[in-house]
Amino acid sequence: SFNVPKKLAERVENYAKELGLNKTSAYIVLLNQALTQNDMQRNMPELVNYAKEFEKLATLMKYNIN
């Protein structure tokens with residue numbers, strides 16, 4: 001059991017109704033989504049670095065092939 005502001009609880013209830021879920025499942029889905037998004041944001045700098053390295057390799061390969 002935990003305390004949630006009334007407006008937030010109402011939003012979760014509406015979300016649950018829209019998806020045909022019970023409230024507990026809605027909280028689980030929303031918490032999982034939030035934590036996944038948080039992980040993605042934390043890892044974003046590393047992903048950007050990988051993209052930059054990939055771009056460099058692609059450029060090198062382009063000039064090596066021609």
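A salt bridge is a pairing in which a side-chain nitrogen of Lys or Arg lies within 4 Å of a carboxyl oxygen of Asp or Glu. In this predicted model, local features need pLDDT of at least 70 and side-chain atom pairs count only at pLDDT 80 or more, while totals for chains, interfaces and linings use all residues. Residues are numbered from 1 along each chain as its sequence is written, and side-chain values use heavy atoms, with hydrogens and water left out.

The structure holds 3 salt bridges. In one of them, glutamate 13 pairs with lysine 23, their closest N and O atoms being 4.0 Å apart. This pair links distant parts of the chain, 10 residues apart: glutamate 13 sits in helix H1 (residues 6-19) and lysine 23 in helix H2. Helices here are DSSP runs (H or I, at least four residues), numbered from the N terminus. Glutamate 13 is partly exposed, at 31% relative accessible area, a label for values between buried (under 20%) and exposed (over 50%), with a 1.4 Å probe and protein chains only.

Helix H2 also holds arginine 42 and aspartate 39, 3 residues apart, about one turn of the helix. Their closest N and O atoms are 2.7 Å apart in a salt bridge. Arginine 42 counts as exposed because its relative accessibility is 54%, whereas aspartate 39 is partly exposed at 35%. Glutamate 53 and lysine 56 likewise meet in a salt bridge (3.5 Å, N to O).

Finally, a look at valine 48: this residue lies in helix H2 (residues 23-65) and is partly exposed, with a relative accessible area of 36%.

Note on methods:
Helices (H or I, at least four residues) and strands (E, at least two) are DSSP runs, numbered from the N terminus.
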